[in-house]
Amino acid sequence: MDLFLLQIGNGLIVGSVYALVALGLNLIWSITDIPDFAQGSFYVLAAYTGYFAVTLLKMPYLVALLCGMSLGAVLAFLCERFLYRRWRERLFRDAARVQLLVAIALFFLFANIANALWTAKPRIFPSYMEGSLFNFSYIRINVLISAVILFILVYLFIMKTKPGKAIRAASMDPGMAQILGINIDTVNSVVFSLGGALSGAAAVLVAPLYSVFPSMGDLPLLKALVVVILGGFGSVAGVLICGLGLGLLEALGAMYVSSAYQHGYAFFILILVLLLKPKGLFGRV
Amino acid sequence: MSRANKIVIGAVLLILVTIPHVTSDYIVYVVTLAMLFSMLTASYDLMPGFTGPLSFCPAAFYGLGAYSSALLTLNTGISFWLALPVSTIGVFLFAIVVGYPALKLRGHYFAVTTFFFGHFVYLVFLNSREITKGPLGLGGISPPDSILGIDFGSMTAMYYLILVFGIITVAFLFTLVHSGVGRLLISIRENEDLAQASGVNTAFFKVLAFSISSGLAGMTGSLFAHFFRLLHPTTFSWMTSEMIVIMFLVGGSGTIIGPIIGAGVVTFILELMRFAPELRFIIWSVLLIVILIIEPRGLAGMYYRIRRRV
């Protein structure tokens, strides 16, 4: 029973990381129809930033977290402003596909920059908090709590503020939103930066748990994509539930079925859900 | 086909035929790889270039063809010449089974699902130790049995064999694309709803395109298995799928010649940059983004654009 609860906890913690990255992806995807693969590499770079902030610059963890988030936000902003925007309103057939492929190329690019600069040797992120509760270290619990806090903040922003309303309008109908006076450029920049910040946060939160290495973004990115599709577009709560749910299912699957295929379960869940509910579980847009 | 194109193709074939006689084994090896990738990319092109949906798992079918062909010859002792068609058809049928539900999804959903499918197949390769020997690699695959007295143990012989298959594949794809079926596929790409409204059975043709594309990838895999004679799961990871997508993109979608150019260019650039392994991918990603900025339809697009000006 103890082991079962432990796995549930692990699943929730891992799931909250997926959910964070997925939230950023969800927002970006809803508005621009681009699955921003590059977020996976912002994740990696943010983790390294946090790592160096703590080890080289001796900053406290919270500052490192903010540094990681800022880096993610800045990178995402730059990519949108100077790359994605070029194909945003082009009418030629392949515009959306070009953006997708640029996203993939960027993912490759930044992940390999990390590899070239810092080698594939995993870096151990120093622990910043001692103590544990019910066999879960405070660091692990912090991941879940921080994720939930960030989710609440984003939810409040999107639902209760004026800029949030503009974002929601843009995600429903960008053309109409523009006609009504909403500045799509600003909305895009904000959404991308937000996505980057969320990925960055996820990365720095996870870094103390598993160490930092250039390919650490691959799997979270894939899982986050699944979560976005499962959770449906336009639903913050949906992303959180599906993210946690996926983490749980993976953890339980690893324990009861097979841990070798742990990363493949997401695939089955995806197919199953898509066949039954093509718009995702909570899809609205 | 225009006269200019025919001349270019003739010249390229001439060069390809003479390469083993004038260059070193290493170059023969690289060109063989380029040819294999050309076949993969050209058959891959059938999907996004002509039918529409972008799939991310060509490497999975490549791997399935390779492993099934290798395992058939290793475990049951049948000849390569039988294993090749068997694995090709097997992969083709499997792709129908996979493609049918998957192609119900549109656009990005389909892309992400195929991404996962590819990763899942990779996991299967990696973890089925009893069958595929997983990360230890499946080795000891024998070259094709000799026919007409040709010994396929030599690299030159395999080079020519793959060249012949490459030509057959390209010719097949070319004929397909220019036939009535090809036009139907293009109509699906242009506007799927309109095609459906006009009476085209889009589901059938999408699955057909996907299966043919994957079957050819499987055939290429079989050739690869008996050329390289050692199979390792990482050869069929999603990195390889990405490479194929990128080659397709660099070369240009919607043409037959485009993917071949793309495959050739990318293979050579990657080999050239062997001296700086970390920088390889960085330079390559940057190159890709630059090409996308200049001409979203890839190098073939650039070629046609120039031709129109001239």
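Two residues are in contact if their C-beta atoms, placed from the backbone, lie within 7 Å. The model is predicted: local features need pLDDT of at least 70, side-chain atom pairs count only at pLDDT 80 or more, and totals for chains, interfaces and linings use all residues. Residues are numbered from 1 along each chain as its sequence is written, and chains are lettered from A and ligands numbered from 1 in the order in which they are written.

Chain A contributes 30 residues to the contact and chain B contributes 27 residues. On the side of chain A that touches chain B, two or more residues each come from helix 4 (95-118), helix 9 (218-231) and helix 11 (265-276) of chain A. Helices (H or I, at least four residues) and strands (E, at least two) are DSSP runs, numbered from the N terminus. Helix 4 of chain A gives the largest share, twelve residues. By class, this side of chain A has 23 nonpolar (Ala, Val, Leu, Ile, Met, Phe, Trp, Tyr, Cys and Pro), three charged (Asp, Glu, Lys and Arg) and four polar residues (the others, Gly among them).

Helix 9 and helix 11 of chain A also meet each other: A:Lys223, A:Val226, A:Ile229 and A:Leu230 of helix 9 contact A:Ala266, A:Leu270, A:Val273 and A:Leu274 of helix 11. Seven residues of this contact are nonpolar, none is polar and one is charged.

Chain B holds 14 helices and two strands. Its C-alpha trace spans about 50 × 45 × 45 Å along its principal axes. Of the 310 residues in chain B, 49% are buried (20 or more other C-beta atoms within 10 Å of the residue's own, C-beta atoms being placed from the backbone).

Note on methods:
Buried ≥ 20, exposed ≤ 12 C-beta atoms within 10 Å, placed from the backbone.
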